[in-house]
Each structure stands twice: as C-alpha cells, then as structure tokens.
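Here are my notes for when you have the model open.

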Amino acid sequence: MTLLRLLLLAGLVLGAARALALIETYEFSKPELEARYQQLSEELRCPKCQNQNIADSNAPIAQDLRKLLHQQLEQGASDEEILDYMVARYGEFVRYRPRFGGSAVALWLAPVLLFIAGIAVVLLTLRSRAKTTAAGTAALSAEEQARLRALLEKVERDS
Amino acid sequence: MGHRLKLFLPLILFTLLAITLFRGLSLDPSEMPSALIDRPLPAFSLPALGQARTLTEVDVLGQVALLNVWATWCVSCRVEHPYLKQLADQGIPIFGINYKDDDAAAQRWLDELGNPYRFNIADREGSLGLDLGVYGAPETYLLDAKGVVRYRHVGVVDENVWRTVLEPLYRELTTQGSAP
Amino acid sequence: MIPEIGHFALIIALCLALILALVPAWGAWRGNRVAMALAPSLAIGLLVFIGISFSCLSVAFLQDDFSVKLVASHSNSLLPPIYKFSAVWGNHEGSLVLWALILSLWTAAVAVFSSQLPLLVLSRVLAVMGAIAVGFLSFSLLTSNPFARTLPGAPADGSDLNPLLQDPGLIIHPPLLYMGYVGFSVAFSFAIAALLGGRLDASWARWSRPWTNIAWAFLSLGIMLGSWWAYYELGWGGWWFWDPVENASFMPWLAGTALIHSLAATEKRGLFKSWTVLLAIFAFSLSLLGTFLVRSGVLTSVHAFATDPARGMFILVFLAIVVGGSLTLYAVRAPAVSSRVTFAWVSRESLLLCNNVVFLVAVLTVLFGTLFPLIVDALGQGKVSVGPPYFNAVFVPLMALLIPVMGLGPVSRWKSDAVSRWRHELAIPAVLAVLCGVTLPLLHAPYNVWVALAVLLSSWLVLGLARDVWQRLRSRPGVARGRGRLTPGYIGMLIAHLGFATSVIGIVATSQYSIEHDLKMSPGESQVLAGYEFRFVALTQVRGANFLADEARFEVTRDGVSVAAMTPQKRRYLASGQVMTEAAIDAGLFRDLYVAMGEPVGDSGAWAMRLHYKPLVRWMWLGAILMAVGAFTAVLDQRYRRHRAPVHGSSEVALHGA
C-alpha cells in the first residue's frame, strides 16, 4: 500500500518541472541505493559553499552533484568509483573523508600515533610512581600493613 | 635534561602552530585550483549556440585560448563582458561555454552586448561544466594549443586579472607553442 | 551621544585593565601590599565601565540608532525588541564587547569571592585576568570599534539581522558559550599565578576547582544549545557537523574535562600538578585559538563572523604572547611545582591518568583534523577537506575506550587498590550491563550492533554508579547517616556521569535509528514513517512580525490516535528578502518527529517535504544538561564554602617565601 503510493509519487515527481530546489525526491530502484545516496551525499563537499556537504546545501552546483550521484548509483557504480569520478573533476577538496594516501596519511596515522604515545606515557608514569610505593610498603610488617589498610579505609569512608 | 626537553615540547608545538596560522592568514581557504590543470580538455559533443553544427573538443585545438563559462542569469558575467570584448578585439581567441542557460536568451544577450566568442558551446544541462569541475559562473580556463588546461580563474576577468595572472601565462604558452 | 559615552567607557576600561595587569603584579613581585590591594577594586571598576559600555551599545540597538554602523548593518526597525537586544552580540564587534563584559564579570567575581585567598595569590590572579582584558579591549578599540558612526548621512533603516539568528537560540547560546570560554581564564590565571609564585599546593587546587567546574558547566550548556539550535533552525535535522567553529568550542570542553578530573587528583592527593597546570593553560589557549579561528578567515565555516586577515593578525599576536608566554613560563617553572607523590598501578590515580591521556589524545586529534586543511595548504600541497566522516571515525572509538575506565573510576580507591576488589564490586554490574546491551536494543527493530555496544557501555556506567551509591548508603548503620556520605561533590559526580551515559545513548541511537524521507506531497496526501502517519492537511499563508510565510499544516497520527499537529513554514523576511525554512518538530522524550518544507513543485500546491523520525535525540541534550547540573552541584560542596579567616602566619610566609 505504501509502496504503491511511493511509486505513484515517483511518477509524479519524474514528470514534474525542474522546480525542485532544496529537497529533491529521488526514487531509487533498491533501498540500499537510497542508503548509499544518503551516506555519500554527506561525504561529498559542496565545492562552492562555506563548509557544507551536498546533502545540506541548496546551491545549484550541489543540486547538480546530487542529481549526478543519483544517476551514478542507478547505473551501478561503486562508492569508490563515484568518489573518484567527483575527485577527477573537483579535486580532493570535495571529499570529506580524505583518501588514505599522499598528505592524508599523516591525518589518518596521527590519532593512532597519539594513542600509542598516550599509552606509553601512562605506562612510563605508572612505572616511575609505583616503584616507590612498592619500596615503601615492603618495609612494613604484616600486622602494620593490616593496621595501615584499616586506617586507609577509615579515611576513605570519611572523605 | 630529557625531562627539561619534555617541558619545552608544548611550547615548540605551539610555535609550529603559530607559524602555520601566520602562513594561513595570507592564504584564501575558498580558493580552489582546478582538478584539471595539466590535463586535456574533457571530450564532449554539444551543439553550437546559434549555429547548426555540433562542437567537440577538437574544435578548440590549434591555438592558445581562453574558455569562458557564462550565462544570462549570471550578474557578474554581464560585468565581465565588455572586457572580454576588448580582449577579443586584441585578437585573443575566446571560446564560450553557455552554461545551463536558455538558447534564445543567450542569443539575445550576444546580439545586444556583442559577441567576443569565436563560438559558443551550448551546455544546457551543464554536463561539460560538470566534467570541467565548474561550480559557478563566471569561470575562465586558459588552454594551450594542444587543448590542455593550464589555468582556471574563478570570477570576473578584468584588466587587473588579465595583466597580473592570465596575460603572462598566455604569452608564455604562445611563445612555447611557436618554438621549434 | 550615548555611543560616544560607550566608546569613552571602553577606553577607561582599557586603562583600568592596564593598571590591573601591571600594578598588582609589580606589587606581588616587590611585596608591596598597597599595590596588591588595588587589584580587587580595579576589577570591580573594570566591570562597571565595561558594563556602561555594553549598556550604551544595547541602548543604541534598542533605540534603532542607525547612525551607528553596527546597528545599521545588523538590525532593523521591524525587528522584535528582544532580537534587537541580542543583535548586540550577533556580530563580530558586539560579541567582543560581550566577551569583555563576561571577562570582567568573572574577574570581579574572583575579586569578591576570594576572601580566603592570600593577597599575594589574588593579586597575581587578577593581574593575569587584567592582562587578558587588555588584549581584548585593545583588539576591540583598535580594530573592531563597535561605536563607529556614519555621520552625516545615517541610513533610514538597517539591513536586518540575519534571519537564521532571529531566534531564541541567539539570545542564550553565545552568552553561555562565552561564560565557558572566559571562565577557563580563571583556571588559567590561577595556574599562571602558581607558576609565578613557584608554589602549588592542595589549597591551590581547592581554590581553582569551583571556578573551573562552573566554567565547564557553562561551556557544556553552551555547546548543547548550539547543537540544539542547529537542529531545529537549519532544517536538516543535523545536530553536529564537526565544523571548525564547532570544534573551536568542543576542544576547550575536552581539555576542560581533563582539567576538572586532574584538579580532583591534585586536590585530594597533591599529584598531577604539572599536568593540571598544563591543562589549565591548554584549555584557555584553546578558547583563544577558537576566537582566532572564528574571526580571522583562516578556515571556511558557516558559523564564522565576517572575516578579516588584519584582525586575524592582531589575535595571532595576542595568542602568541599569551600562550607562548605561559608555555615558556611553564617550561621554566614547572619543576618547581611538580610532586613526587606515588601511587600503585591499580589505583584511582592511574585511572585518572588514563582519563587525562584519553582526553588529551582526543583534543589533539580534533585539533589536528581541524587544522589539517590549513597545514596542507600552507605547505603548498593543495586543498583537502576534513569532515564528519573522519572525525566520527577517530573520535568515537576513543570515547568507547574511555567508558570502561570511567566505570571503574568512582569505585576505585586512592593510592592503592586491588583488581580483585574491583572484580568483587563490579561483577554484578558488569554482567547486568552485558545483559542490557544484548536485550534492550531488541525493543526497537532492527537490531543494531552499535546501539547494543552503546547500551552495554552506558549500562556499565549507570549500574556501576548505582552499586557504589548503594554501598555508601548501607556502609553505615542507618540510612540517614549513610546519606551523609553522599556529599554534594559526590552527587555532582554521579549526576554528571549519568549525564554522560545519557548523551552516549542519545547520540548512538539517533545516529543509527533515524529514518529520513524526502518526498513530494500535496494537500490531502499522507505518508507513513516509522509507524506514524503524516497527513498534509492544508497549505496557508501566514504573516509574522517581519516575514511572510507559506505554512503547511500536518496532522500526525499513530494507530489512529492523534499524536500532534505540525506546522512547518517557508518564510520570506521582508527587509532582506531572504528565504528560510522553519521546521516543525514534535518533541518527545523518546523520539522527535520532524517536518521541513522544501520548494513548491509545479503549481498545484504540491511541495517537496522532508520527514524525519529521530529516536532518543533529546537524550543527547538532556545528558549535557545533567552534566552541567552535576558540575554546579559539585561546587556547592561544603569544603569550598567554609569561610576560613585568613591565617596570618601563612600569608606572611606567602609574602616572603614565594
């Protein structure tokens, strides 16, 4: 019932004048194409706008690119092929997810390297701090250690 | 000593950042070089405006030329038009792409304001524009004799733009072309 | 006349700020009590004069004084009065005056509420804040004078405030945001004062904490409002774009979160001192960097003010002096304030260390991603874009890694703890969390693995907290005495962490489960989306105060029961001619319904419509509100309010020993 309505609407849309400016009503032959359309239109940058993807922009060029995206998806192009097509004409600028290569290698590696550096910092700091603790408590007898623990727990509860 | 160095690390990183930001102040983030620089003009097959023939990429070969993207709905194109006429009168070859426009309106415009173009490619759907990476009008491409894109200027071409950017490159390509 | 008074007041304020920056600092250096004692009065004087200046600017806007350039370019006689007032900060020049006003508010607050601070410390703190005020006031007066006039020949009417800004969001979002940004200057000033004095003890942390928590709370609210505003105003149903200006507000928040936790360790155990100082410098530096990014034109953004590289240069120099100076001071003086307190591998300190590190990695990642296009361009490597796909891919996993640690935190003990104890305390919450993660998402088809993971992690947090609360309540005989263990500090932490868990669920659920449909509809037609039927009833024309609109009336039903009437509009503002979409939102605790109008299709009254179903989207913002409430609650803790008479002995020592 809903599908029929959608198809009817699609018929109306395709026949309508090209007055659709902002929210176009593209019809897709397969539901996963619509999902890919939504995802890719958020990944492609509008070449003219102040930092908007083509999904959110109502600039003429954004509309053209959305139409092109729809066409390419219906023709069966893969995500990579579509992105390469856009990049060949508008440059790397038009991708919001930088391709892993060239200067963008630094961008993708940076979080990983930072994280590893972070782990290193944690481990090194713990090592230097923990050494003294071990040395300190070893000097206490078992009974003293028990008393110490009880005292510490009391302080914990009171804080 | 190593510990001291570690403390200076934030300052060093900040200095690098400050230098980058300083450099950034003289850059224009919205300026976008064409993706087609040093690549041939894409293949196309479109009607000529006001003529009964079909134009292809072969028709622009043979000389260094300007390829100007314009439309009647583009206000800046009207501003740019007189200067293009001047350049055409000086003998600079200019070809036009009438971008996503109406043929009749375009023809009227040229009749009214004069025609600086050797010919006009009627790109009604904007397909050639898409292949070129056009994102608005006016834009002007500089092609060499072999039809390779050498430069793109976004915006109005006026005296200043011609003298400082386009003319030097035009002269260079022309002498290159004629050298053995 | 009034704009001139405002201008003059601003100049006086600059002079006062200069004196505040120099004299008490000199007094602290030389041990001159008279010079130091000037600081609080100067701070209050600063507030008075900037207040006068701001009032004059507001009056100019409210009285439609179009001879003032700023009013002419950002206001209009048809504008509702409340927007005339908020138009004061809806532009670059006016927002700087707001910045200065809020800075003077914080400075005066520190001056008034710090009776137990030794004068030596107070004078240094206020001097640093005065120096910051000098920077902003001179920036305003020298490059961005808000009181510039066009005389003679004032325009008859103004160009109107950008319609996107004619919204309650403008009234509160910038002030809250600035309260946060500027608030971090207090922590910054305390840090600088400590470095200058060469002393940083637990009392320093106790003084800094309330100020930092309040600033962080305001920033959380400011960011949350920005997100909510974008959601209902822009018409796309989006709530975060990782836009450079948004990142400029998010980075101080991330650094601030690390700071408030690091301060806890410094106050309780006297460690992480140089971490804390560095984080305080970092958080405020990011605030200043944000100011730079928004106003210099270095990065493209929909949010940026009208940009000007000349102004950018000024801020950059200011940034270089403040941040470069403070980092140099840090590099030279940090060893004087660091500590050699120890703790075990398994302890609350080590968890807080992990927290510090994760947030630092997060903020550096966001910073690098935001600046990457600029770096690449500056190196001549062309133009690239870094957007949401990148940031989501790197940021989300980091937060996911943080949450297990976050769950352990409240339960853990200081200095030395045991994994076996953690296992014992948290075994049940862990198992229950896994159960929740596996079963709860079944409530909403289709089953989504990311939502399951998010539910698991959030349940882990919530259940761990619940377990800890129970433990505390029953560890003493009688519930009443047990409740005494629930201090405002603890309850604040509880609420804030709960807020975080709520936000996580909201963000993941809405990202994964949202359904969006663009289609053409004519009056009389209906569409079903996620079990709700949207019926387009009628299209009418509506007139507002300064706009004309096409309004579509929708009736939404579910299983035949009426749910809501929604009226999206397409407005044309009379003064500027700008067209704007006003989306209709049916807000709910568990889902939002969202309808926006596109363009008319043909002439038969049909329009392209966007329909959204967004489950749990409000939880994201509710979580942020909870985080702010938690921070405010923590500030109410007794230990910050105990009015101690200044101990004379220590102030003598402070004078001579530092």
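This is a predicted model: local features need pLDDT of at least 70, side-chain atom pairs count only at pLDDT 80 or more; totals for chains, interfaces and linings use all residues.

1. Start with chain C against chain A. The contact draws 62 residues from chain C and 54 residues from chain A. About 5,200 Å² is buried between these two chains, and carbon and sulfur atoms account for 67% of that area. On the chain C side, the residues that lose the most area to chain A are Trp236(C), Trp345(C) and Ser385(C), which together make up 13% of what that side buries.

2. What polar links cross from chain C to chain A? The rule picks out seven residue pairs in polar contact, both partners at pLDDT 80 or more. There is also one salt bridge across this interface. The salt bridge pairs Arg413(C) with Glu153(A), and their closest N and O atoms lie 4.0 Å apart. With the cut-off set at within 4 Å, I'd look at that pair by eye.

3. Which elements of chain C face chain A? Those giving two or more residues are the helices α12 and α13 (388–408), along with the strands β1 (515–521), β2 (526–529), β9 (591–601) and β10 (606–615). The top contributor is α12(C), with 11 residues. By residue type, the side of chain C that touches chain A splits into 35 nonpolar, 14 polar and 13 charged.

4. Now chain C against chain B. Here the contact takes 29 residues from chain C and 19 residues from chain B. The buried area comes to about 2,100 Å², with 79% of it from carbon and sulfur atoms. How many salt bridges cross between chain C and chain B? The rule finds zero. As for polar contacts, one residue pair turns up across this interface, with both residues at pLDDT 80 or more.

5. The chain C surface facing chain B is built from helices: α10 (273–296), α11 (309–337) and α12 (348–378) of chain C are the elements that give two or more residues. Of these, α11(C) gives the most, with 15 residues. The residues on this side of chain C come out as 21 nonpolar, six polar and two charged. Note that α12 of chain C is listed for the side touching chain B and also for the side touching chain A.

6. In chain A, Cys46(A) is joined to Cys49(A), with an S to S distance of 2.1 Å. That link is right-handed, at 65° about the S-S bond, and both of its cysteines are buried.

7. In chain B, the disulfide runs from Cys74(B) to Cys77(B), with the sulfurs 2.3 Å apart. The angle about the S-S bond is 95°, again a right-handed link. Are Cys74(B) and Cys77(B) buried or exposed? Both are buried.

8. Cys56(C) counts as buried because its relative accessible area is 9%, under the 20% cut-off. Cys354(C), by contrast, has a relative accessible area of 24% and is therefore partly exposed.

Terms used
Residues are numbered from 1 along each chain as its sequence is written. Chains are lettered from A and ligands numbered from 1 in the order in which they are written. Side-chain values use heavy atoms; hydrogens and water are left out. Contact means heavy atoms within 4.5 Å. Buried area is the accessible area (1.4 Å probe) that two parts lose on being put together, summed over both. A salt bridge is a side-chain nitrogen of Lys or Arg within 4 Å of a carboxyl oxygen of Asp or Glu. A polar contact is a pair of N or O atoms within 3.5 Å; within protein, one must be able to donate a hydrogen and the other to accept it, and residues adjacent in sequence count only if both atoms are side-chain atoms. Helices (H or I, at least four residues) and strands (E, at least two) are DSSP runs, numbered from the N terminus. Ala, Val, Leu, Ile, Met, Phe, Trp, Tyr, Cys and Pro count as nonpolar, Asp, Glu, Lys and Arg as charged, and the others, Gly among them, as polar. A disulfide is a pair of cysteine sulfur atoms within 2.5 Å. Buried means under 20% relative accessible area, exposed over 50%, partly exposed in between (1.4 Å probe, protein chains only).
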